[in-house]
Amino acid sequence: MVVQKQKVVKRDEAFAHQTKTKIWQEIPSEQNPYLTEQCRCHGYDILELAQKRSFMDVLFLLFQGELPNPEQAELLEMLFIALINPGPRHPACRASMNAAVSRTNTAHLLPIGLSVLSGTHLGAQEVTTSMRFLAENLGHDPVVMAQEALASEYPDEGGLHPIPGFGNRFGGIDLQPLKIATILMGHAGAGAGLAWGSKLAETLELHQMGWLTTGLAAATFTDLGFSPWAGGGLFQLMNAPGILAHGLELADKPINDMPFLDKDHYVIAPEAQKN
Amino acid sequence: MSLPLKHKKTDTSFWDKRRGVIHTKNGGLVIGEAVYSHGYDMMEDLVGQASYFQVMVLNVTGRLPERRLADWLEALFICLSYPDARIWCNQIGSLSGTLRATPVAAISSGILASDSRMYGPGVAQRGMEFIIQARLAQQEGITPEKIIDNYPRRHSEQPPRIPGYFRPVALGDERIAPMECLANHLGFKIGDHLALAYEIEKLMREIYHERMNLLGYCTAFLADQNFHACDIYRLLSIWVSSGINACYAEAADQPPESFFPLQCEDIDYQGKPRRPVPARN
């Protein structure tokens, strides 16, 4: 084969000489420029933050550039606690548990579960989409939005999310996010996002739909001023402890501590088998 | 469908049918009998007879392609296997190697990075969707000029960033000619999608000085082979693995933390100056 080479040129595009950041400053040691004498997060010495502020304060600072007020920090912490564990039936936890019981390197359990939790259905991408939806529609009547969404065509089976972050699970209203939303709504830090979401959820209730964890996180993050992209990642972060804990619980267990389906419960369609 | 109403016990029969059981049309292992994939006995029919890429297509799409298509696809994977640590996903392999992550973690992380809106498998589905839609439009009488004009763009004064017709860093693509040559050698003819892709490229060159890249070529080629857009995303999901592996291996064989080290001053801090931490209220 003789290949006629195509002419390829470098684009006339200027790349930065250095990576830039507004988040973190590392003051070098005088003895070794690779080692850090002091780390500053948005101008604050991290060691001073460690002594004076809470984890939630610094988490908020990291993403938003300023420390939260007490109401914001408390609201964020309530959400982080309430969604700390998706539970052992959740696909993200189950991925971590499957890996653990099959002797996967335990350092991989968390990234495995978080990858599963990255999706557009009950995952990080749905949080981001839901936050964008909220940003675009907070000025509109949630009752009308719900009616419009419900007027669309839906598949006959499976979970329905007519609005990102809102819908049903297993045909019904997901009760946990509903209860968490009720608590968060009573908090001083709650704002327009949670209020709008609650009205929407009330309207959807008639159709056995309501808050999903993703919508709840999205509304709370919106009220706290996080960006949609940050919201997706923070949703993964808040679920991370549960995903890791459930994985580690099975890490030392024999492989038969979890089901491995027998042939009666793993049904191969006739057309998939060799005739 | 009619949506469920309140006060009725939830109908969970859809989930009940699936509870505790896996139904599959793929296949699987029947211990003591065979391992099946889409109607094939993998040990009898595939091992030693089909190529890995044929089996990959079979597993993803349910159809066993002819060998020459699998060979073309394998060559396509070579085209995204550059052992160059400057390429974003590959550098993740290097960074993993320098911190002694396992090769599996390194390659998985690098593959995740290639799920990008700019390059790699992340943009493949959109590239495929574009050419399939463009071909449908052409069949309805819309000209290639109009197809380009109609493509949504962020800024009206900028060229449309059509997936497959813009390549970051470089202009032009050294990979297309060898792939065309291989396709010709294997006896593939230029189909309707690829013919349209060439027309679009010609216009993009004339109007915007942009060229078709490998994605534009390969998605059009694969559309002519009747692949769906979602098939392509799935088939190409590990497209970059080999280049990442090369970069991981080189860094992992060097002393730890020796890959592309940065001094504190190498980062350009542009944030707030030092300030005292206020006490919590």
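**Stop 1: a buried isoleucine in chain B**

Ile107(B) counts as buried because its relative accessibility is 14%, where buried means under 20% relative accessible area, exposed over 50% and partly exposed in between (1.4 Å probe, protein chains only). The model is predicted: local features need pLDDT of at least 70 and side-chain atom pairs count only at pLDDT 80 or more, while totals for chains, interfaces and linings use all residues. Residues are numbered from 1 along each chain as its sequence is written, chains are lettered from A and ligands numbered from 1 in the order in which they are written, and side-chain values use heavy atoms, with hydrogens and water left out.

Select helix H6 (residues 103–113) of chain B, in which Ile107(B) lies; helices (H or I, at least four residues) and strands (E, at least two) are DSSP runs, numbered from the N terminus. Which residues does Ile107(B) touch, not counting residues up to four places away in sequence? They are Ser241(B), Ile244(B) and Asn245(B), contact meaning heavy atoms within 4.5 Å.

**Stop 2: Asn90(B)**

Move to helix H5 (residues 88–98) of chain B, where Asn90(B) is placed. With a relative accessibility of 3%, Asn90(B) is counted as buried. Neighbours within four places in sequence aside, its contacts include Tyr82(B), Pro83(B), Asp84(B) and Ala85(B). Val240(B), Gly243(B), Ile244(B) and Cys247(B) are also in contact with Asn90(B).

**Stop 3**

Next, display S2, S3 and S4 of chain B, which form an open three-stranded sheet in the order S2-S3-S4 with antiparallel pairing. Two strands pair if DSSP finds at least two bridges between them. Strand S2 (27–30) and strand S4 (40–41) of chain B are the edge strands, each pairing on one side only. S2(B) is joined to strand S3 (residues 34–37) of chain B by four bridges, and the two run antiparallel. To inspect one bridge, select Val30(B), whose partner in S3(B) is Ala34(B).

Val35(B) also lies in strand S3 of chain B. Is Val35(B) buried or exposed? Val35(B) is buried, with a relative accessible area of 18%. Beyond its neighbours within four places in sequence, Val35(B) contacts Gly28(B), Leu29(B), Tyr40(B), Asp41(B), Met42(B) and Met43(B). For a distance check, select Asp84(B) as well: its C-alpha atom is separated by 39 Å from that of Val35(B), although the two residues are 49 apart along the chain.

**Stop 4: the sheet of chain A**

In chain A, an open sheet of three strands has the order S3-S4-S5, and its pairing is antiparallel. Its edge strands, each pairing on one side only, are strand S3 (24–28) and strand S5 (44–45) of chain A. Two bridges join strand S4 (residues 36–41) of chain A to S5(A), and these strands run antiparallel. Select Arg40(A) to find its bridge partner in S5(A), Asp45(A).

**Stop 5: H4 and H5 of chain A**

Select helix H4 (residues 91–101) and helix H5 (residues 109–116) of chain A, which pack at an angle of about 145° with their axes 8 Å apart. Axes are lines fitted to C-alpha atoms, for helices over the stretch in contact, and angles run from 0 to 180 degrees between N-to-C directions. On the H4(A) side, the residues that meet H5(A) are Pro91(A), Ala92(A), Ala95(A), Ser96(A), Ala99(A) and Ala100(A). From H5(A), the contact has Leu109(A), Ile112(A), Gly113(A) and Val116(A).

H4(A) is mostly covered, with eight of its 11 residues buried. Among them are Cys93(A), Met97(A) and Val101(A). The buried residues of H4(A) pack against H5 and helix H11 (228–251) of chain A. Just after H4(A), Arg103(A) takes a positive phi of about 65°.

**Stop 6: H8 and H10 of chain A**

Finally, select helix H8 (residues 175–185) and helix H10 (residues 213–224) of chain A, whose axes are 9 Å apart at an angle of about 20°. Pro177(A), Ile180(A), Ala181(A) and Leu184(A) of H8(A) meet Thr213(A), Leu216(A) and Thr220(A) of H10(A).
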